Amino acid sequence: MGRAGKALKQVLETYDISQYSIAVALGIERNSVYRWVHEIRDPTAETVVEIVKALEGINPAAAEAFIKLYLVDALENKE
């Protein structure tokens, strides 16, 4: 499975954000978030954008950390 779940799990733990909180912000069931952070399923590209928006509403620093973990680190590792 992909990087999005790993990045989301790390951000939720680091910033003490519950899976329920992000699910509510996204307007989805918590079990969807559970599947992402446990790498059972990957969120779609559109959902990744929505995750960033939801995190910005909860904690802007968490949104920045998610972007860094998901995108920037991935690009740096390709070099």
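In this predicted model, helix H3, which spans residues 30-37, has Val33, Trp36 and Val37 as its buried residues. When H3 is viewed down its axis, these buried residues fall within an arc of 90°, so they line one face of the helix. The cover over the buried residues of H3 includes helix H1 (3-14), helix H2 (19-26) and helix H4 (45-58). Just after H3, the backbone at Glu39 adopts a positive phi of about 55°.

Two of the helices that contribute to this cover, H2 and H4, also meet each other, their axes coming within 9 Å and crossing at roughly 110°. That angle makes H2 roughly perpendicular to H4, and the crossing in which H2 passes H4 is right-handed. On the H2 side the contact is made by Ser21, Ile22, Ala25 and Leu26, while H4 provides Glu50, Ile51, Ala54, Leu55 and Ile58. By residue class, the contact of H2 with H4 comprises seven nonpolar residues, one polar residue and one charged residue.

Leu71, by comparison, is 16 residues from Leu55 in sequence, with a C-alpha to C-alpha separation of 15 Å in space.

Terms used
Residues are numbered from 1 along each chain as its sequence is written. This is a predicted model: local features need pLDDT of at least 70, side-chain atom pairs count only at pLDDT 80 or more; totals for chains, interfaces and linings use all residues. Side-chain values use heavy atoms; hydrogens and water are left out. Buried means under 20% relative accessible area, exposed over 50%, partly exposed in between (1.4 Å probe, protein chains only). Helices (H or I, at least four residues) and strands (E, at least two) are DSSP runs, numbered from the N terminus. The arc is that of the directions from the helix axis to the C-beta atoms. Contact means heavy atoms within 4.5 Å. Axes are lines fitted to C-alpha atoms, for helices over the stretch in contact, and angles run from 0 to 180 degrees between N-to-C directions. Angles under 35 degrees count as roughly parallel, over 145 as roughly antiparallel, 65 to 115 as roughly perpendicular and the rest as oblique. A crossing is left-handed if the near helix is turned anticlockwise from the far one by less than a right angle, and right-handed if clockwise. Ala, Val, Leu, Ile, Met, Phe, Trp, Tyr, Cys and Pro count as nonpolar, Asp, Glu, Lys and Arg as charged, and the others, Gly among them, as polar.
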